Amino acid sequence: MKYLNPKADLTFKRVFGEHPDLVMSLLNALLPLTADQEITDIEYLPSEMVPENPLRKNSIVDVRCKDKQGRQFIVEMQMIWSPEFKQRVLFNASKAYVRQMSVGEQYELLQPVYSLNLVNEIFEPELEGYYHHYQMIHVENSDKVIDGLQLIFVELPKFTPHSYAEKKMQVLWLRYLTEINDNTREVPEELMANPEVKKAVDALEVSAFTDAQLAGYEKFWDIISVEKTLYNSAERRGMEKGMAEGMEKGIEKGIEKGIEKGMAEERHLIALNMKKQGVSFELISQCTGLSIKEIELL
C-alpha cells in the first residue's frame, strides 16, 4: 500500500477537515484538557487564514471548529517556522475570542479559544521538550489563571515515541504525523490497532485521490521547497547586509531592513530562474508572491 504525507495541505484537510471524530480525537489528545473538559462534539467553522507574509502563504494549513459549549479550536500545520509566527498565532486566537461577543452581550458569555500549532521545524532548540503550552497566569502565583486563550505549539521533529510521559493517544497521533510519509509501505501495528488512527491512515492511501489531487499534492511540496529556500536564503543574505548596514545605522534596524531587502532580491532571483526553466507564470507568482506583470518584466 502507498500513502501520502499527512502534513500536506490536501491530506491534512482531508483527514482533520472532513472527519469531525478525527479532529476531536486529535484535540482531546494534544490539548491540555482535564477529564471533565474533554470535547464531545465538533462543528467546523470557515477557514479565514490570510497570511501576512506572501513568501510563506502556502506553508500554513489550518482547520477551525467549535463545540456546543462555544469553545473554539484552531488547528494549524506550520511547515516553515518564522520569527513572527507566535505573534500571528496570538493575533488570530485573540481575534476569534473577541468575535464571539456581539454588541450588548455580557463578557461572561465568552468561551475559551484553543490554538493548536503543529510545527514541522525546531524553533526552541535550547529547550528539551517538544510541547509548549502558553496561557495567562499570575507571575508570582502560577495557579492563578485568566481563562480565555490557550496557545499550544508542538515541535514535531523533536518528538520520539521513546521520550514521552504523555497519554497514549497523544503519542499515537504524533507518531501518525511524524512516521507516515510518501515512503511508507507498511504502517506500524500500534497505529493500525487504534480505530481512529487507522481511519486517518486509510484516508492517506494514494488510491483515494484523483490524478488532479495528486498533481496538486506534488505542487504543494514543490512550493514548500521553494518557499523554504527563498526564506532561508533571503534571511542569510539579509543578515549579512543588515549587519553591514547596522554598523552605521543601528544593529537591530539595519538587520531588519537588510532581511527585507534580501528577501525581495531573493524573490526576484528565484522567479527569474524559474522563468528560465519554463515554469508557468502562475506557479512562479504563487511561489514568490510576485505579480504576473513583475514576472513578465524580469
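The questions and answers below go from the whole chain to the sheet, then to single residues and a helix pair.

Visitor: What kind of model is this, and how many helices and strands does the protein have?
Guide: This is a predicted model. The protein has 10 helices and six strands.

Visitor: What percentage of the residues count as buried?
Guide: The accessible surface of the protein comes to about 15,800 Å². Carbon and sulfur atoms hold 53% of that surface. Buried means under 20% relative accessible area. Of the 298 residues, the share that counts as buried is 44%.

Visitor: Among contacts with a separation of 6 or more, what share comes from residues 24 or more positions apart?
Guide: Take the contacts in the protein with a separation of 6 or more. Residues 24 or more positions apart account for 64%.

Visitor: What is the order of the strands in the sheet?
Guide: The sheet is open and has six strands, with mixed pairing. Its edge strands are S1 (43-45) and S5 (131-137), each pairing on one side only. From one strand to the next, the twist averages 20°. The order reads S1-S2-S3-S4-S6-S5.

Visitor: Do S1 and S2 pair in the parallel or antiparallel sense, and over how many bridges?
Guide: In general, strands of a sheet pair through backbone hydrogen bonds, either parallel or antiparallel. Here Glu-43 stands opposite Lys-66 in S2. S1 and S2 are antiparallel, and the count of bridges is three.

Visitor: Which residue of S3 is the bridge partner of Arg-64?
Guide: S2 (residues 60-66) and S3 pair in the antiparallel sense over seven bridges. Asp-62 stands opposite Glu-76 in S3. For Arg-64, the bridge partner is Ile-74.

Visitor: Which residue takes a positive phi in the hairpin of S2 and S3?
Guide: This hairpin has five residues between the strands. The positive phi is near 100°. The residue is Gly-70.

Visitor: Which residue of S4 is the bridge partner of Ile-74?
Guide: S3 (residues 72-78) and S4 run parallel, joined by seven bridges. Ile-74 also has Arg-64 as a bridge partner. In S4, the partner of Ile-74 is Ser-115.

Visitor: Which residue of S6 does Leu-116 stand opposite?
Guide: S4 and S6 (residues 145-155) run parallel. Seven bridges join them. Opposite Leu-116 stands Ile-152.

Visitor: How many residues of S4 are buried?
Guide: In a regular strand the side chains alternate between the two faces of the sheet. On one side of S4, Val-113, Ser-115, Asn-117 and Val-119 are buried. On the other, Tyr-114, Leu-116 and Leu-118 are buried. For S4 (residues 113-119), the count is seven of seven.

Visitor: Is Ile-60 buried or exposed?
Guide: Ile-60 is found in strand S2, where six of seven residues are buried. Its C-alpha atom is separated by 9.9 Å from that of Leu-118, 58 residues apart along the chain. The relative accessible area of Ile-60 is 13%. The cut-off is under 20%, so Ile-60 is buried.

Visitor: With which residues is Leu-45 in contact, leaving aside its neighbours within four places in sequence?
Guide: Leu-45 is found in strand S1. Leu-45 is partly exposed, with a relative accessible area of 26%. Leu-45 and Arg-64 are 19 residues apart in sequence, yet 5.2 Å apart in space, C-alpha to C-alpha. The contacts are Arg-64, Cys-65, Lys-66 and Gln-72.

Visitor: Is Thr-40 buried or exposed?
Guide: Thr-40 is found in the loop between helix H2 (20-30) and S1. From Thr-40 to Asp-21 is 9.1 Å, C-alpha to C-alpha. Its relative accessible area is 65%. The cut-off is over 50%, so Thr-40 is exposed.

Visitor: How are H4 and H6 oriented: roughly parallel or roughly antiparallel?
Guide: The axes of H4 (residues 168-179) and H6 (residues 195-202) come within 10 Å. They cross at roughly 10°. Angles under 35 degrees count as roughly parallel, so H4 and H6 are roughly parallel.

Notes. Residues numbered from 1 in each chain as written. Predicted model: local features only at pLDDT ≥ 70, side-chain atom pairs only at ≥ 80, totals over all residues. Heavy atoms only, no water. Axes fitted to C-alpha atoms, helices over the stretch in contact; angles between N-to-C directions. Helix = DSSP H or I, 4+ residues; strand = E, 2+ residues; numbered from the N terminus. Parallel < 35°, antiparallel > 145°, perpendicular 65-115°, else oblique. Buried < 20%, exposed > 50% of the residue type's maximum accessible area, 1.4 Å probe, protein only. Pairing = 2+ DSSP bridges. Contact = heavy atoms within 4.5 Å. Areas by Shrake-Rupley, 256 points an atom, 1.4 Å probe, with all protein chains shown as cover.
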